[in-house]
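Please go through the helices of this model and some of the residues in and around them.

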Amino acid sequence: MSNEVNSRKVAVIGTGFVGSSSAVALMESGLFSEMVLIDADKNRAEGEVLDISHGLPFARPMKIIAGDYDDIVDAAIIVVTAGAGQKPGETRLDLVKKNVKIFQSIIPEIAKRDCKGILVIVANPVDILTYVAKKLSGFPENRVFGSGTTLDSARLKYLLGEHLGVDARSVHAWIIGEHGDSEIAAWSSANVSGVPISDFCEMRGFLEHDDHMKRIAEDVKNSAYEIIEKKKATYYGVAMAVRRICEAIVRDEKSILPVSSIQHGNYGISDVSLSMPAIVGKNGIEKLIPIQLDEKEQEELRTSARALKEVLDGLDL
């Protein structure tokens with residue numbers, strides 16, 4: 001077992017809907033030549049490996065195995081999706097105790113093998129579990145972060161693009177804070193290719209833009225609930241977010257992504273993990289980006305942090 005990191009190797013822990021969808025997205029990305037899938041139900045992992053491998057002739061050569069923790073020591077990225085899923089009517093925070101317990105069996109296995117890769121936490125509630133993973137692994141903070149509001153921000157860009165009749169990739173807007181009910185749409189820094197969002201709205205003939213923005217932010221916040229209500233689970237969007245995060249790491253892109261990491265005093269928030277835009281590259285998180293927030297947004301961010309802190313304080317870590 002070598003501790004040298006193989007930059008072409010990824011591991012996915014948990015092969016439920018999110019894990020297996022992420023594995024497909026990663027296989028199709030062409031970023032990796034090796035992938036290890038791990039699940040408490042080994043049969044399930046083996047089934048996913050077979051199913052995904054049958055698509056390799058349509059993609060690029062790759063070695064995909066169902067393995068155990070010894071097989072991931074040299075993985076550049078370890079994606080952790082294992083955990084109970086969110087049921088209809090359940091909030092992400094309702095999942096806390098079940099999933100912290102699952103993490104208490106997974107993360108020490110990774111830590112005791114002294115894996116040198118980056119831990120990307122995807123299971124919900126992602127902010128709490130990112131904090132838990134950091135504490136249980138003892139890894140440096142740059143190497144443990146959560147997918148956070150990467151998907152929420154994509155949902156926001158998508159809805160704004162639809163609303164404004166513009167390519168979603170030209171929309172620059174962030175959802176920050178908790179990946180969940182207390183998340184914040186950071187409107188003060190939102191723009192379309194440098195044009196402030198309110199100006200762009202007016203240019204498009206939307207004069208009631210405050211109402212529109214409020215509705216869009218609500219739609220983003222509730223979209224997971226809506227998807228879960230309609231199809232029982234959400235997995236494709238987050239799988240694409242996982243692929244995007246892995247791409248930024250493997251290609252050392254230094255992309256700015258709103259991932260969840262432990263805060264140290266920004267806006268008066270400390271010792272809690274939540275999402276803020278960060279530079280992501282081959283070493284994981286390189287630096288948090290202090291985006292412009294007005295007083296109200298800063299206060300909402302602190303409220304979001306308090307909600308998460310309360311949950312953390314109730315855990316036996």
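This is a predicted model: local features need pLDDT of at least 70, side-chain atom pairs count only at pLDDT 80 or more; totals for chains, interfaces and linings use all residues.

Q: How many of the twelve residues of helix 4 are buried?
A: Buried means under 20% relative accessible area, exposed over 50%, and partly exposed in between (1.4 Å probe, protein chains only). The buried residues include Val126, Ile128, Leu129 and Lys134. What covers them includes helix 3 (96-112), strand 5 (118-121), strand 12 (255-264) and strand 13 (270-281). Helix 4 is mostly covered, and its count of buried residues is ten.

Q: Is aspartate 127 buried or exposed?
A: Aspartate 127 lies in helix 4, which runs over residues 126-137. Its relative accessibility is 2%, so aspartate 127 counts as buried.

Q: Which residue has its backbone nitrogen 2.8 Å from a polar atom of the side chain of aspartate 127?
A: Contact means heavy atoms within 4.5 Å. Leaving aside neighbours within four places in sequence, aspartate 127 is in contact with residues including Gly177, Glu178, Ser260 and Ser273. A polar contact is a pair of N or O atoms within 3.5 Å; within protein, one must be able to donate a hydrogen and the other to accept it, and residues adjacent in sequence count only if both atoms are side-chain atoms. The backbone nitrogen at 2.8 Å from the aspartate 127 side chain belongs to histidine 179.

Q: Why are helix 4 and helix 9 described as oblique to each other?
A: Asp127, Ile128 and Tyr131 in helix 4 meet Leu308, Val311 and Leu312 in helix 9. Axes are lines fitted to C-alpha atoms, for helices over the stretch in contact, and angles run from 0 to 180 degrees between N-to-C directions. Angles under 35 degrees count as roughly parallel, over 145 as roughly antiparallel, 65 to 115 as roughly perpendicular and the rest as oblique. The axes of helix 4 and helix 9 (residues 295-313) are 10 Å apart, at an angle of about 50 degrees, and the two helices are therefore oblique.

Q: Where is valine 144 found?
A: Valine 144 has a relative accessible area of 3% and is therefore buried. Not counting residues up to four places away in sequence, valine 144 touches residues including Leu119, Thr130, Ala133 and Phe139. Valine 144 is found in strand 6 (residues 144-146).

Q: Which residue just after helix 1 takes a positive phi of about 75 degrees?
A: Helix 1 (residues 17-29) has 13 residues, and ten of them are buried. The loop between helix 1 and strand 2 holds glycine 30, which is buried at a relative accessible area of 18%. The residue with the positive phi of about 75 degrees is glycine 30.

Conventions:
Residues are numbered from 1 along each chain as its sequence is written. Side-chain values use heavy atoms; hydrogens and water are left out. Helices (H or I, at least four residues) and strands (E, at least two) are DSSP runs, numbered from the N terminus. The expected span of a helix is 1.5 Å times one less than its number of residues.
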